Amino acid sequence: MVNLVKSAQGILPEFQKFLVEKDLVPQKNAQFFAYWVNRFIGFASDKKIDSSSYQKSAIAEFLNILRSDEHIQDWQLRQADDAVRLYYFNYLGTSDNSIS
(Lines give C-alpha, C1' and ligand atoms only; values in the text may rest on other atoms or scores of the structure.)
Protein backbone atom coordinates (compact mmCIF):
# COMPACT_ATOMS: atom_id res chain seq x y z
CA MET A 1 0.00 0.00 0.00
CA VAL A 2 2.89 2.37 0.69
CA ASN A 3 4.08 2.07 -2.93
CA LEU A 4 0.58 2.89 -4.16
CA VAL A 5 0.45 5.96 -1.94
CA LYS A 6 3.83 7.19 -3.18
CA SER A 7 2.97 6.61 -6.83
CA ALA A 8 -0.53 8.09 -6.56
CA GLN A 9 0.58 11.40 -5.07
CA GLY A 10 1.68 12.84 -8.42
CA ILE A 11 -1.29 11.57 -10.42
CA LEU A 12 -3.79 14.14 -11.67
CA PRO A 13 -2.72 16.77 -9.13
CA GLU A 14 -5.33 19.33 -10.24
CA PHE A 15 -8.10 16.76 -9.79
CA GLN A 16 -6.79 15.92 -6.32
CA LYS A 17 -6.67 19.61 -5.42
CA PHE A 18 -10.24 20.07 -6.70
CA LEU A 19 -11.53 17.16 -4.60
CA VAL A 20 -10.01 18.58 -1.44
CA GLU A 21 -10.93 22.23 -2.08
CA LYS A 22 -14.55 21.32 -2.82
CA ASP A 23 -14.59 19.07 0.25
CA LEU A 24 -15.68 16.10 -1.87
CA VAL A 25 -13.24 13.66 -0.27
CA PRO A 26 -10.86 13.83 2.69
CA GLN A 27 -7.35 14.94 1.72
CA LYS A 28 -5.94 11.55 2.68
CA ASN A 29 -8.20 9.87 0.08
CA ALA A 30 -7.76 12.29 -2.84
CA GLN A 31 -4.71 10.47 -4.18
CA PHE A 32 -6.62 7.19 -4.34
CA PHE A 33 -9.49 8.80 -6.26
CA ALA A 34 -6.92 10.17 -8.72
CA TYR A 35 -5.37 6.70 -8.94
CA TRP A 36 -8.68 5.14 -10.02
CA VAL A 37 -9.33 7.87 -12.58
CA ASN A 38 -5.83 7.41 -13.93
CA ARG A 39 -6.46 3.67 -14.25
CA PHE A 40 -9.70 4.37 -16.09
CA ILE A 41 -7.96 6.77 -18.48
CA GLY A 42 -5.31 4.11 -19.12
CA PHE A 43 -8.01 1.51 -19.72
CA ALA A 44 -9.80 3.84 -22.14
CA SER A 45 -6.57 4.52 -24.00
CA ASP A 46 -5.82 0.80 -24.33
CA LYS A 47 -9.34 0.20 -25.67
CA LYS A 48 -9.18 3.25 -27.98
CA ILE A 49 -12.08 4.87 -26.12
CA ASP A 50 -12.35 8.65 -25.95
CA SER A 51 -11.93 9.37 -22.24
CA SER A 52 -12.67 13.08 -22.65
CA SER A 53 -16.41 12.41 -22.64
CA TYR A 54 -18.56 10.33 -20.30
CA GLN A 55 -19.44 6.93 -21.72
CA LYS A 56 -21.53 4.77 -19.44
CA SER A 57 -20.68 1.53 -21.27
CA ALA A 58 -16.92 2.16 -21.01
CA ILE A 59 -17.15 2.81 -17.29
CA ALA A 60 -19.26 -0.31 -16.81
CA GLU A 61 -16.65 -2.36 -18.68
CA PHE A 62 -13.85 -0.85 -16.59
CA LEU A 63 -15.69 -1.67 -13.36
CA ASN A 64 -16.36 -5.22 -14.55
CA ILE A 65 -12.65 -5.70 -15.15
CA LEU A 66 -11.92 -4.41 -11.66
CA ARG A 67 -14.64 -6.65 -10.25
CA SER A 68 -12.96 -9.70 -11.78
CA ASP A 69 -9.66 -8.89 -10.03
CA GLU A 70 -9.56 -10.94 -6.84
CA HIS A 71 -7.22 -8.40 -5.23
CA ILE A 72 -9.73 -5.56 -5.46
CA GLN A 73 -12.18 -5.43 -2.59
CA ASP A 74 -15.79 -4.25 -2.81
CA TRP A 75 -15.02 -0.93 -1.11
CA GLN A 76 -12.27 -0.27 -3.67
CA LEU A 77 -14.69 -0.97 -6.50
CA ARG A 78 -17.15 1.55 -5.02
CA GLN A 79 -14.31 4.05 -4.58
CA ALA A 80 -13.26 3.59 -8.22
CA ASP A 81 -16.84 4.14 -9.38
CA ASP A 82 -17.19 7.23 -7.18
CA ALA A 83 -13.85 8.56 -8.41
CA VAL A 84 -14.76 8.29 -12.08
CA ARG A 85 -18.15 9.88 -11.46
CA LEU A 86 -16.61 12.76 -9.51
CA TYR A 87 -14.08 13.24 -12.28
CA TYR A 88 -16.67 13.49 -15.03
CA PHE A 89 -19.62 15.13 -13.30
CA ASN A 90 -17.92 17.43 -10.81
CA TYR A 91 -14.43 18.10 -12.13
CA LEU A 92 -15.13 18.13 -15.88
CA GLY A 93 -18.77 19.23 -15.53
CA THR A 94 -20.03 16.50 -17.87
CA SER A 95 -23.71 15.62 -17.91
CA ASP A 96 -25.06 12.06 -17.94
CA ASN A 97 -26.80 12.30 -21.29
CA SER A 98 -24.78 9.59 -22.98
CA ILE A 99 -26.58 6.71 -24.62
CA SER A 100 -23.55 4.41 -24.79
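Rings of Phe, Tyr and Trp (for Trp, its six-membered ring) are taken to pair if their centres lie within 6.5 Å, and a pair counts as stacked with planes under 30 degrees apart, as edge-to-face with planes over 60 degrees apart, and as tilted for the rest. By this criterion the structure holds twelve aromatic pairs. The structure is a predicted model, in which local features need pLDDT of at least 70 and side-chain atom pairs count only at pLDDT 80 or more, whereas totals for chains, interfaces and linings use all residues. Residues are numbered from 1 along each chain as its sequence is written, and side-chain values use heavy atoms, with hydrogens and water left out.

The secondary structure of the protein chain comes to five helices and zero strands, where helices (H or I, at least four residues) and strands (E, at least two) are DSSP runs numbered from the N terminus. Along the sequence, the chain accordingly reads α-α-α-α-α. Of its 100 residues, 36% count as buried, a term that denotes under 20% relative accessible area, with exposed denoting over 50% and partly exposed the range in between (1.4 Å probe, protein chains only). The accessible surface of the chain comes to about 6,300 Å², of which 48% belongs to carbon and sulfur atoms; such areas come from the Shrake-Rupley method with a 1.4 Å probe, and for residues only the protein chains shown count as cover. Among contacts (heavy atoms within 4.5 Å) with a separation of 6 or more, residues 24 or more positions apart account for 56%.

The largest nonpolar core has 28 residues, and those with the most contacts inside it are Phe-15, Phe-40 and Leu-66; such a core is a set of buried Ala, Val, Leu, Ile, Met, Phe, Trp, Tyr and Cys residues joined through side-chain atoms within 4.5 Å. Two or more residues are given to this core by each of α2 (13-21), α3, α4 and α5, and α3 supplies the largest share, nine residues.

Helix α3 has 20 residues and reaches 30 Å from its first C-alpha to its last, close to the 28 Å expected at 1.5 Å a residue, the expected span being 1.5 Å times one less than the number of residues. Its buried residues include Ala-30, Phe-32, Val-37, Phe-40 and Phe-43, together with Tyr-35 and Trp-36, both of which are buried. A pair of aromatic rings is described by the distance of the centres and the angle of the planes. Tyr-35 and Trp-36 form such a pair, which is edge-to-face, with 5.0 Å from centre to centre and 65° between the planes. One aromatic cluster is formed by Phe-15, Phe-18, Phe-40, Phe-43, Tyr-54, Phe-62, Tyr-87, Tyr-88, Phe-89 and Tyr-91. After α3 comes Lys-48, whose phi is positive, near 60°.

Helix α4 (residues 56-68) has 13 residues and spans 18 Å from its first C-alpha to its last, close to the 18 Å expected. Ala-58, Ile-59, Phe-62, Leu-63 and Leu-66 are the buried residues of α4. They lie on the same side of α4 because they cover an arc of only 135° around the axis, the arc being that of the directions from the helix axis to the C-beta atoms. On the other side of α4, Arg-67 and Ser-68 are exposed, while the cover of the buried residues includes α3 (27-46) and α5 (74-91). Leu-66 touches Trp-36, Arg-39, Ile-72, Leu-77 and Ala-80, with residues up to four places away in sequence not counted. Ala-58, also found in α4, counts as buried because its relative accessibility is 3%. Leaving aside neighbours within four places in sequence, Ala-58 is in contact with Phe-40, Phe-43 and Ile-49, and its C-alpha atom is separated by 7.4 Å from that of Ala-44, 14 residues apart along the chain.

In helix α2, the buried residues are Phe-15, Gln-16, Phe-18 and Leu-19. They share the same side of α2, because the arc that they cover around the axis is only 160°, and the face turned away from this buried side carries the exposed residues Glu-14 and Glu-21. Just after α2, Asp-23 takes a positive phi of about 55°. In the loop between α1 (2-8) and α2 lies Gly-10, which counts as exposed because its relative accessibility is 59%. Gly-10 and Ala-34 are 24 residues apart in sequence and, C-alpha to C-alpha, 9.0 Å apart in space.
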